[in-house]
Every structure is written in C-alpha cells, then in structure tokens.
Amino acid sequence: MDMIAAEGLNEQRLAEFAGKAAGDLAAAMGVLLAYMGDQTGIYRALRDTGRCGVATLAGAAGVDERYLLEWLSTQAAAGYVNYHPEDETFSLSPEQAIVLAGEGHPACVQGFAQSVVGQFARYDKAVETLRSGAGRPWGEHHSCLFCGTDRFFRPGYMAHLVSEWLPALDGVVDRLKAGATVMDIGCGHGSSTILMAEAWPQSTFIGLDFHAPSIEAAKASAGAAGAAGNTRFVTGGAGEYEETGLDLVCMFDSLHDMGDPVRIARHIRQSLKPDGVLMLVEPLAGDALEDNLNLLGQMFYSASTLICTPAARSQGEVALGAQAGEKRLTEVLREAGFTRVRRAAETDTNMVLEARP
C-alpha cells in the first residue's frame with residue numbers, strides 16, 4: 001500500500017472507482033434476482049395484480065411470502081420495483097413492467113439475463129478457457145444460453161427483419177414474393193427463419209445450425225407456428241452444406257463465431273446464384289477498439305470473451321470477436337470473393353451488410 005501511495009494514489013478517484021465496482025457487484029447479484037423473478041412469474045404477477053402487499057403477491061405468484069419480502073426489498077433498493085411505505089405495498093411502473101415482464105418487447109431484458117445466468121452457472125469452465133486458451137464449442141454452455149439467446153434476439157427480428165432489413169436489400173423482397181430459396185445459417189431456435197417463412201409462404205427457408213438440440217427446438221417452433229410447410233431445419237456446419245442455387249443466405253450474429261470466416265463466406269458465395277445475396281447481420285461496432293469503449297461495447301466484448309471468441313477458437317485459428325467492425329467484416333467478404341459489399345441498414349445494436357458475388 002505504501003508503494004501505491006508513493007506512486008500518487010488519488011483518494012477521491014479510489015473512492016469513485018470502488019463505488020463503481022460495488023455498483024457492478026450489486027448489479028451482478030441483481031441479474032440472478034431478476035432471473036428468479038422471471039422464472040417464478042413474480043414480475044408478471046405484480047404487473048397483472050397491480051399495487052399490492054407481500055401476502056397478496058405471494059399468493060398470486062405462488063411463492064413463499066417471507067422469501068418474497070426479501071426479494072422485493074432488494075428489488076426496491078435497486079429501483080426495479082416501487083415501494084410505498086404509507087401502506088407497505090409494492091408496484092411496477094409501466095416502464096418497469098415492459099423491461100422486466102414484457103416478453104417479446106425489444107426493451108425486455110430477461111433473455112439477456114437468462115444468458116448471463118448461464119455463464120455464471122459454468123463459471124469454472126469460463127476461467128479454465130481464459131487460462132488455457134482452448135476453444136469452447138457452443139454446445140458446452142449451460143442450456144440457459146440457448147433459450148436466453150433466442151429470447152434476446154427474437155424481439156429485434158420481429159421489429160426489424162421483415163419490415164426493414166430485408167426491404168433494404170436491393171430486389172430481395174420481390175424475389176421472396178415470387179418464390180425464393182433461402183438459407184439461414186446459425187439459425188439457433190429458428191426464430192428468424194420462421195418469421196421469414198410466415199411473411200413469404202411462397203418461398204422455401206432452410207435453417208442450418210450445428211447445435212442439434214437447437215435444431216430440434218426450431219422444428220417444434222415451426223410446427224407450432226404453422227410454418228412447417230415451407231421450412232426445413234438441418235443440423236450441420238456452415239461450411240459443409242450441399243445446397244446450391246440459393247437466392248439468399250442470411251447470417252444473424254454468427255459469422256464472428258466461425259473459426260475460419262473467409263472459408264465460410266467463400267462457401268456461401270459458391271452456394272449462391274450468380275445474382276444471389278448474402279445478408280450479414282452483425283453487432284454494431286466501430287472499426288477501432290476506442291470506438292467501442294461504451295456500454296454497448298462492454299456488453300458485446302463480454303459476450304465475445306465468454307462465448308463468441310471461444311466458439312470460434314474451437315473451430316479454427318481466426319476469431320473475429322463480436323466487435324469486429326464493418327471494415328474487418330468487409331475485408332473478410334472481399335477475400336471470400338464478394339465484389340459488392342455495403343451497409344444496407346442498422347439499428348442501435350446491429351449493422352446489416354449486403355454482399356453480392
């Protein structure tokens with residue numbers, strides 16, 4: 001400590017940074033507690049019941065009253081619920097209800113919280129991977145990651161995919177209306193595939209993912225949605241499928257998970273028709289690290305450290321990371337033989353690149 005002080009320790013900056021770290025630790029606990037509120041249905045019960053006391057809410061949610069009091073207390077301290085001391089009741093504002101219980105709304109955080117909890121559940125594997133430098137395949141993560149990822153991304157697809165992203169690609173919607181063949185690589189639980197299939201029933205959509213349990217979930221979801229007639233889900237690698245003559249290939253937040261992205265992009269180019277299109281959706285990022293030193297960058301770099309980069313290293317030597325940036329992604333696509341690459345659209349969290357042979 002004397003050595004640190006001799007180097008110019010600033011007590012005010014120390015207190016400020018210690019306070020930030022304490023806030024982050026409290027927030028880390030809050031993620032688990034928010035997940036508990038989601039899984040037990042407490043948030044939904046409070047939203048639907050309205051302002052009420054602990055006993056009433058415990059009955060509505062079917063949870064233990066004493067534990068609920070402790071849970072609500074920490075939620076009130078965190079600002080996640082509102083406490084009314086005059087009658088010892090709790091409530092959710094409309095905004096809190098959307099963020100914490102608005103399933104399907106882009107502002108709902110529960111899918112991301114579920115994914116984070118999955119990382120904590122396998123913390124020992126995360127530490128081992130960082131130390132060893134070994135790869136970590138997608139399938140080695142806790143199951144919360146697979147469900148949570150789908151819950152997190154699906155609202156964005158619902159808000160943007162059919163209405164904005166695909167119309168931003170030159171001539172693609174007309175082809176989908178006429179009847180096209182589309183490959184969705186890294187489809188996961190199939191939400192993006194199914195949304196497109198529902199919008200354009202005259203086209204055929206193939207969902208591809210190397211995680212077999214996710215493909216089974218996608219098949220079940222397609223059946224439930226009534227989209228089984230024009231969808232097909234296949235377990236396999238992004239560089240091994242045999243389909244050719246494709247009108248459109250989509251990749252949603254998945255190219256940066258590939259261990260040899262140039263080879264994958266080249267395989268995609270070769271599977272397209274001469275006038276086919278690759279729609280590449282990737283996390284929004286600047287081209288330099290300093291461009292991404294913000295909250296969004298922190299979230300994506302965190303996911304990349306725990307999930308994306310280890311997934312890529314389990315497959316090959318190249319790891320783009322979840323903040324690759326448009327310049328690096330364009331370099332990959334051009335090296336793979338795509339001659340025309342442009343940013344067709346973007347949201348607060350994603351960029352959409354259109355690539356043509």
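User: How much space lies in the largest cavity?

Analyst: Keep in mind that this is a predicted model. Searching the whole structure turns up 2 cavities of 30 Å³ or more. For the largest cavity, the space comes to about 40 Å³.

User: Which helices each supply at least two residues of the lining of the largest cavity?

Analyst: Let's start with who lines the largest cavity: Glu-103, Gly-104, His-105, Cys-108, Gln-110, Gly-111, Arg-151 and Pro-155. Gln-110 and Gly-111 are in that lining, and the range 110-121 belongs to α7. Arg-151 and Pro-155 are there too, and the range 143-165 belongs to α9. That gives α7 and α9.

User: How many polar residues does the lining of the largest cavity have?

Analyst: Gly counts as polar here, and Gly-104 and Gly-111 are both part of this lining. Set aside the 2 nonpolar and 2 charged residues, and the polar count is 4.

User: What about the second largest cavity: which element gives the largest share of its lining?

Analyst: This cavity holds about 40 Å³ of space, and its lining is Val-172, Arg-175, Leu-176, Ala-180, Asp-247 and Leu-248. Two elements give two or more residues to it, α10 (172-178) and β6 (246-252). The largest share is 3 residues, and it comes from α10.

User: And how many nonpolar residues are in the lining of the second largest cavity?

Analyst: Arg-175 and Asp-247 are in the lining, and Arg and Asp count as charged. The class tally has 2 charged residues and no polar ones, with the nonpolar count at 4.

How values were computed. Residues are numbered from 1 along each chain as its sequence is written. This is a predicted model: local features need pLDDT of at least 70, side-chain atom pairs count only at pLDDT 80 or more; totals for chains, interfaces and linings use all residues. Side-chain values use heavy atoms; hydrogens and water are left out. On a 1 Å grid over the protein atoms alone, a cavity is a set of points where a 1.4 Å probe fits but cannot get out, and a pocket is an open set with protein on both sides within 12 Å along at least five of seven lines; lining residues have an atom within 4 Å of a point. Grid points are joined across faces, edges and corners, and a volume is the space filled by probe spheres set on the points. Helices (H or I, at least four residues) and strands (E, at least two) are DSSP runs, numbered from the N terminus.
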